[in-house]
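Here's a quick briefing on charged side-chain pairs. Have a look at the model first, then read on.

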Amino acid sequence: MKKNGSIKQKIYEIRRSKGISQEKMASLIGVALNSYRKLERGKTSLVNEKLWDIADALGVSVKELVLKEDINTGSSLADMEREKFLAKITSLEEEIATLKQCVTLLNEKNESYIKNRGSSYQ
C-alpha cells in the first residue's frame, strides 16, 4: 500500500487530469475546502477516512489510488488487470476447445451405441 504522501499525489494528479477543482472535490466528499486542501498537502489523516468517497468522486477504484505500479515491470494497475483478463480468456478458450473434443467423443460413442443397440434387435 502506498504511503499517504503517494496517495495524496495520486489524488491530486487524477483530480487535475479530470478538471475537477478543489472546491468541487471538497463538495463531492463532504468536507470544507480548507480540509480538502490540507488533505492534498498531506497535513491531515482525513484521506484515510474519506478514501472511498474520494475514489468515488474521481471515478476510480480505491485500488487505483493505493496500489503501486509493479516494481519489476513498471506496469500500471490497468495494464496488470488487462494481462490477467487476457490470461483468463486464453485459459477459457483452451477449456472450451477441450470441452468441444469431449462433446465430439461423446457424440461418437452415443452414435456407436445407438447403432449397436439397433443391430441387436434385428
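Predicted model: local features only at pLDDT ≥ 70, side-chain atom pairs only at ≥ 80, totals over all residues.

Start with glutamate 40 and arginine 15, whose side chains meet in a salt bridge at 2.5 Å, N to O. As for the general idea, side chains of opposite charge can pair when their charged atoms come close.

**Between helices**
- Glutamate 40 and arginine 15 are both buried.
- Arginine 37 forms a salt bridge with glutamate 23, and their closest N and O atoms are 3.5 Å apart.
- Arginine 37 is in helix α3 and glutamate 23 is in helix α2 (residues 22-29), so this pair ties together parts 14 residues apart in sequence.
- Arginine 37 is partly exposed, because its relative accessible area of 30% falls between the 20% and 50% cut-offs.
- Glutamate 23 also counts as partly exposed, at 43% relative accessibility.

- Lysine 50 and aspartate 53 bring their side chains together in a salt bridge of 3.5 Å, N to O.
- Both lysine 50 and aspartate 53 belong to helix α4 (residues 46-58), where they are three residues apart, about one turn of the helix.
- Is lysine 50 buried or exposed? Lysine 50 counts as buried, because its 19% relative accessibility is under the 20% cut-off.

Note on methods. Residues numbered from 1 in each chain as written. Heavy atoms only, no water. Salt bridge = Lys/Arg side-chain N within 4 Å of Asp/Glu carboxyl O. Buried < 20%, exposed > 50% of the residue type's maximum accessible area, 1.4 Å probe, protein only. Helix = DSSP H or I, 4+ residues; strand = E, 2+ residues; numbered from the N terminus.
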